Amino acid sequence: MKDFIKTGRVIEELFIQLDEFVGIFFLEYRIRYLIYTGFLELKGIPKSEWHYSVKKRDS
């Protein structure tokens, strides 16, 4: 995964592919948690899911 992906797109795909109902706000919370713990990189301003992009941090 080389390029950044809009967080809104990631949330949209997760929402579609999950079998159980999970709220969009919970998915955004989990993505932000992965950013703050260093698993994902952030590009942009985390104002809303369409204002920033993420990618997996290189090892």
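Reply: Phenylalanine 21 is exposed, because its relative accessible area is 72%, where exposed means over 50%, buried under 20% and partly exposed in between (1.4 Å probe, protein chains only). The model is a predicted one, in which local features need pLDDT of at least 70 and side-chain atom pairs count only at pLDDT 80 or more, whereas totals for chains, interfaces and linings use all residues. Residues are numbered from 1 along each chain as its sequence is written, and side-chain values use heavy atoms, with hydrogens and water left out.

A search of the whole structure gives 2 aromatic pairs. Phenylalanine 21 belongs to one of them with phenylalanine 15, an edge-to-face pair with 6.2 Å centre to centre and 80° between the planes. Rings of Phe, Tyr and Trp (its six-membered ring) are paired here if their centres lie within 6.5 Å, and the planes are called stacked under 30 degrees, edge-to-face over 60 and tilted for the rest. Phenylalanine 15 itself is partly exposed, because its relative accessibility is 38%.

Phenylalanine 26 and tyrosine 29 also pair: their ring centres are 6.2 Å apart and their planes stand at 40°, so this pair is tilted. These two residues lie 3 residues apart in helix α2 and are therefore separated by about one helical turn. Helices (H or I, at least four residues) and strands (E, at least two) are DSSP runs numbered from the N terminus. Phenylalanine 26 is partly exposed with a relative accessible area of 45%, and tyrosine 29 is likewise partly exposed, at 49%.

Leucine 40, with neighbours within four places in sequence left aside, is in contact with Ile31, Leu34, Ile35, Val54, Lys55, Lys56 and Arg57, contact meaning heavy atoms within 4.5 Å.

As for the fold, the protein chain has 2 helices and 3 strands, which run β-α-α-β-β from the N terminus on. The strands form an open sheet in the order β1-β3-β2 with antiparallel pairing, and its edge strands are β1 (5-6) and β2 (40-44), each pairing on one side only. Two strands pair if DSSP finds at least two bridges between them; 2 bridges join β1 to β3, and lysine 6 has serine 53 in β3 as its bridge partner.

Over the whole chain, buried residues make up 22% of the 59 residues. The C-alpha trace spans about 30 × 25 × 20 Å along its principal axes.
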